[in-house]
Amino acid sequence: MSAPAYDNDNIFAKILRGELPAHKVYEDDDTFAFLDIMPRADGHTLVIPKRPARNILDADPALLAPVMATTQKIARAIMAAFAAPGILVQQFNEADAGQVVFHLHFHVIPRFGDQKLRPHTGQMADQAVLAENAEKIRAALGG
Ligand code: 5GP
């Protein structure tokens with residue numbers, strides 16, 4: 001079964017083009033990382049490739065190495081920034097698997113034992129709290 005084509009007007013494509021705001025924590029030639037607007041835990045970050053990909057099913061395999069390298073970098077920074085003993089990396093492919101935004105992304109979420117996560121795509125966080133959390137992660141990344 002073939003997946004629908006990549007939609008250039010998805011929300012993350014607009015963020016990459018600077019048409020929508022985001023709390024950026026990291027960027028390099030291939031990848032971009034920013035806070036999830038409805039975080040399941042403080043510091044919940046999304047890592048995306050700059051090149052178009054709907055999800056891992058259609059992604060050019062060459063995209064995946066830089067995205068995973070950035071995911072690792074962000075996971076380590078979130079651990080340090082929030083003194084998190086664990087990190088959840090999560091990724092959904094197609095609506096039936098829970099995908100809501102159709103530009104490939106990896107969720108990087110700090111975990112604290114059995115402390116419950118907030119719901120997926122639940123409540124929008126306060127912008128000031130997001131700004132503060134983004135700053136903590138940028139500081140842990142060394143800039
Ligand atoms: P998924 O496609 O992995 O199921 O979920 C998409 C994720 O993107 C959700 O966690 C949701 O909170 C987040 N999200 C949806 N719209 C926006 C947005 O406009 N900005 C940001 N930063 N995150 C968003």
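Is the crossing of helix 2 and helix 3 right-handed or left-handed? In this predicted model, where local features need pLDDT of at least 70, side-chain atom pairs count only at pLDDT 80 or more, and totals for chains, interfaces and linings use all residues, the crossing is right-handed, meaning that the near helix is turned clockwise from the far one by less than a right angle. Residues are numbered from 1 along each chain as its sequence is written, and side-chain values use heavy atoms, with hydrogens and water left out.

The axes of helix 2 (residues 61-82) and helix 3 (residues 127-140) cross at roughly 110° and come within 8 Å. Helix 2 is therefore roughly perpendicular to helix 3, a label for angles of 65 to 115 degrees. Helix 2 brings Ala-77, Ile-78, Ala-80, Ala-81 and Phe-82 to the contact (heavy atoms within 4.5 Å), while helix 3 brings Asn-133, Lys-136, Ile-137 and Ala-140. By class, this contact of helix 2 with helix 3 has seven nonpolar, one polar and one charged residues.

Helix 1 gives the largest share, three residues. The volume of the largest pocket is about 490 Å³. Among its 27 lining residues (an atom within 4 Å of a pocket point), Ile-11, Phe-12, Asp-36, Ile-37 and Met-38 are the closest to the centre. By class, the lining has 16 nonpolar, nine polar and two charged residues.

How values were computed: Axes fitted to C-alpha atoms, helices over the stretch in contact; angles between N-to-C directions. Helix = DSSP H or I, 4+ residues; strand = E, 2+ residues; numbered from the N terminus. Parallel < 35°, antiparallel > 145°, perpendicular 65-115°, else oblique. Nonpolar A, V, L, I, M, F, W, Y, C, P; charged D, E, K, R; others polar. 1 Å grid on protein atoms, 1.4 Å probe; cavity = no way out; pocket = protein on both sides within 12 Å on 5 of 7 lines; lining within 4 Å. Points joined across faces, edges and corners; volume = space filled by probe spheres on them.
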